[in-house]
Amino acid sequence: MANITLDDAPAGGIALAETSRGTERLHRAVFIGLGILLVIAPFVVYPVFVMKVLCFALFALAFNLLLGYGGLLSFGHAAYFGMAAYVSAYAAKVWGFPPEFAILSGMLVAGVLGLVFGALAIRRQGIYFAMITLALAQMVFFFSLQTPKFTGGEDGIQAVPRGYLFGLFNLGDDRTLYWLVAAIFMAGLLLIYRIIHSPFGQVCKAIRDNEPRAISLGYRANQYKLAVFVLSATLAGLAGATKAIVFQLASLTDVHWSMSGEVVLMTLVGGLGTVFGPIVGALVIVSMQNYLAGLGSWVLVIQGVIFVICVMLFREGIVGLIAKKIGKPL
Amino acid sequence: MKLKTLLATTAFAALVSAPALAQVSIKIGVMNDRSGLYADLTGEGSAVAARLAVEDFKAAEKGLKVEIVSADHQNKPDVGSNIARQWYDTDNVDVITDVPTSSVALAINQITKDKNKIFLNSGAASSDLTNKACSPNTVHWTYDTYALANGTGGAMVKAGGDSWYFLTADYAFGHALERDTAAVVTKNGGKVLGAVRTPFPGTDFSSFLLQAQASKAKVIGLANAGGDTINSIKQAGEFGITQGGQKLAGLLVFINDVHALGLQTAQGLVLTESFYWDRDEGTRAWSARFAKAHNGNMPSMVQAGVYGAVLHYLKAVAELKSKDPAAVMAKMKEMPTDDTLFGKGTIRADGRKMHPMYLYEVKKPGESKAKWDYYKQLAVLPAETAFRPLSESECPLVKK
Amino acid sequence: MFELLGIPPQALFGQVLLGLINGSFYAILSLGLAVIFGLLNIINFTHGAQYMMGAFVAWMCLNYFGINYWAALLLAPIVVGATGIAIERLLLKRIAHVDHLYGLLLTFGLALIIQGLFRNQYGSSGLAYQIPAELRGGQNLGFMFLPYYRGWVVVASLVVCLATWFLIEKTRLGAYLRAATENPTLTQAFGINVPLLVTLTYGFGVALAAFAGVLAAPIYSVNPNMGADLIIVVFAVVVIGGMGSILGAIVTGFSLGLIEGLTKVFYPEASATVIFIIMVLVLLVKPAGLFGRAA
């Protein structure tokens, strides 16, 4: 009952299992296209905006790893994203860590948090799993609210120094920082792509599709699930830590449950269980928030409407739909 | 497509009009809460106030071309700093004004300093803006926690409310309010009997109110804001706490909150503001114009502050015929301020705007003769005693 | 622990009572969630928004039509329940065949829409709703001053909770309902209109939320976000109680209100977190929740 992709996204999960040579070639083309776009983007669009999209795209990719390939819908991913943002901001500001170590420490903490929460949450499935992750994330939210010495309370950790990468490159410059963020994003994407197509990824999909059978084949399902959970949390942490450096700010917004909802929305819009869907979803939702910001609370309504439309008519998402049209998984 | 045409036309218009007159064009960004808790207090009303300032200054006749844009920061520092960056980096905004919610204001304060622009804050309460976090690019106009604590705390002790118990929202801002007020209370010879930290945001305060009641303190200080304040005042009425003789002191309550609560519930509440629409002839006339432009709502002190700050900024720019931030800031601090809403005043080296504060008590339903007739004035605090003296300042801009 | 000595027993008793009052809200809301979950197998994320709608309908009744509190107490659940029925018929029914997690996502989206619309219309500083004249004032119980209205809240919610329990566990309609929960296909085969039962159940669960909303209107401020934060706590209550039984939802709701109330005295800073901490502890010991059946 936990495998949300099973009955609805045939283009994604199942077909991916038989990655043919043609698909491989297609994916390579998509990667190259993405690379070119990343190089051109900062010259065409406001670089800070592109960096925001990339951070959220990575966050959505991490979330999708858990949902699309682990079959687990987490409604509390903001916890890892936000906690990593706090840790990396704190490390950079208070301990004077260089940015690369600040980001790494954020990631590490998110991974540990993922291990603890994952161990608790994977004991249940489906809706229970979603609610447990939500409630656990809410604990992180209250923790952040009540430890102003660490998180700065409602002010957040502000004026985080961007610092010098490897002591050489001044990240205070938006362009320089952009290349770092683009590199982090690409590395994250490639890693996730590798995970999905590794034997480990195949086992995860087997568990997602039929857990009892996978167990009877001798796989320890819970260990695999926990591993995906930790990987997903760590990568979400990478996204959050990077975002803290980009915006020089880590705040309660990053750990609030509406952030967990947003990442679900991004993935849903882009296409659950597709490799590239979350990127498209993040682009759509972040642009919408950016360009419709003048509409105030109508943005909330529009997001809700997109949610409903996606669930009712459009369960494959944008990329899932394209994949179905061209008959190849994306 | 549509956006493109729009951009093209504005660009064209700018090309045509700009070189014709040797004028200074200014873009003012009104950033505040347009959908959340402080939307009534700030929101569109602040943009209305800014437009009134441009109108009253007759900016066009003086060679200033002023454009006003506005945005909703949703009370989130990340949303606010995002908008500010984009405004400064790509939209050529020169000045950001209003910005309620201290956390957002502190973020904008920092960005404005980094980008060397000007920040005219009216909406935020944190006194850090002109203290620890003070910036050469920031003016803090309307009020701050120090003045509120001083006004309400000091005056109530003098009026006999010499034992206090605090209901403190458990976040940095609530703690700061409690700390500042407690200091004032003890300085004036009062006693603080205790405090209870309430989870933030909260809905049910009855348990905490009972603890406050049991303390037998004469005054219950509400060191919270927005919905928390409204709920705690409401529930204090319900549990008969005010009828029992204890007084409620709102440390961050605005006229819009009183309006939302209704006089029946809010009566007797003591609070401090720097502006009340019904204070004199000038404020009444201006407020009537404001109400006409804003669905009949009376202005809050924050909206009045946006008017005052924008007006003073325009004066400085017109005087200099330049919008160079450093020069304008120097001019603003050098020129005395003068407007119908706040009277004559000054801006101190640390960016603090100096004007009197007023202590009000909310009227009983029977005493109110018209809509929005809410306050009776208890005391006036001159600027020098209302705000933090420079001798206590931690601001590096202040030379001692 | 020895802070206990600092608290006089009477004050403690007062706090217990206040805890029970808050527990009433948890109980009604988690009961509604449990009823819906039982038959539809979805977690109704819109529940918080529907609770808020209940309060708003009561406010509208009074301000637009001059309908008083008592009538609103009956009317608001009917109106909001009707919108619930529409949601079930138009939306939820159509995705009943796909994974139930989509139901969660759908109701989450609906909650965003409803909250956004109310925020646009009414702002978020909150609206005033007075306590009905009959219940103003209170009684000094010696150990505390109990406002009549709070007393009424406990009584009303207890009655509603027990009536619901009775309806589901002891009546013929309840028997159909339980049968449909157990095996919808077989129940349908016996000539019982299961789709209708599903629709009505959703409407009923939603009506319970709206009822809680009307109860809350006079004491908490009526604002569009009133349900959003509460619902997350109620989710935790539901996880602790488990989804197994109706009685479980009621008992857990009241007892967690009680525990939260006591935390407010002994360690007020933790009172927002205590329910989540209990949730983690319960999950460690009994993953299915206190009253839940193992999955």
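Strand β11(B) and strand β12 (residues 343–347) of chain B run antiparallel and are joined by 3 bridges. Strands (E, at least two residues) and helices (H or I, at least four) are DSSP runs, numbered from the N terminus. Two strands count as paired if DSSP finds at least two bridges between them. B:T337 has B:G345 in β12(B) as its bridge partner. The sheet is open and holds 3 strands in the order β11-β12-β13 (chain B), with antiparallel pairing. β11 (337–339) and β13 (353–354) of chain B are its edge strands, and each pairs on one side only. Strands of a sheet pair through backbone hydrogen bonds, either parallel or antiparallel.

The model is predicted: local features need pLDDT of at least 70, side-chain atom pairs count only at pLDDT 80 or more, and totals for chains, interfaces and linings use all residues. Residues are numbered from 1 along each chain as its sequence is written, while chains are lettered from A and ligands numbered from 1 in the order in which they are written. pLDDT is the predictor's confidence in each residue, from 0 to 100. Chain B averages 87, and 94% of the residues score at least 70. Over residues 1–20 of chain B the pLDDT is below 50, and this stretch has 1 contact beyond near neighbours in sequence. A contact means that the C-beta atoms of two residues, placed from the backbone, lie within 7 Å.

A parallel pair is found elsewhere in chain B. Strand β8 (residues 219–223) of chain B pairs with β9(B) in the parallel sense over 4 bridges. B:V219 stands opposite B:K247 in β9(B). From strand β9 (residues 247–250) of chain B, B:K247 and B:A249 point one way, B:L248 and B:G250 point the other way, and all are buried. A residue is buried if 20 or more other C-beta atoms lie within 10 Å of its own, exposed if 12 or fewer, and partly exposed in between; these atoms too are placed from the backbone. β8(B), α8(B) and β9(B) form a right-handed β-α-β unit. Right-handed means that, with the strands pointing away from the viewer, the path from the first strand over the helix to the second runs clockwise.

α8(B) also gives the largest share of the side of chain B that touches chain C, 6 residues. In total, 31 residues of chain B are in contact with 30 residues of chain C. By class, this side of chain B has 12 nonpolar, 13 polar and 6 charged residues. Ala, Val, Leu, Ile, Met, Phe, Trp, Tyr, Cys and Pro count as nonpolar, Asp, Glu, Lys and Arg as charged, and the others, Gly among them, as polar.

Chain C also meets chain A: 35 residues of chain C are in contact with 36 residues of chain A. α5(C) gives the most to this side of chain C, with 15 residues. The side divides into 25 nonpolar, 6 polar and 4 charged residues.

Within chain C, C:T201 lies in helix α9 (residues 194–216). C:T201 counts as buried because it has 21 C-beta neighbours inside 10 Å. Leaving out residues up to four places away in sequence, C:T201 touches C:V35, C:I36, C:L39 and C:L177.
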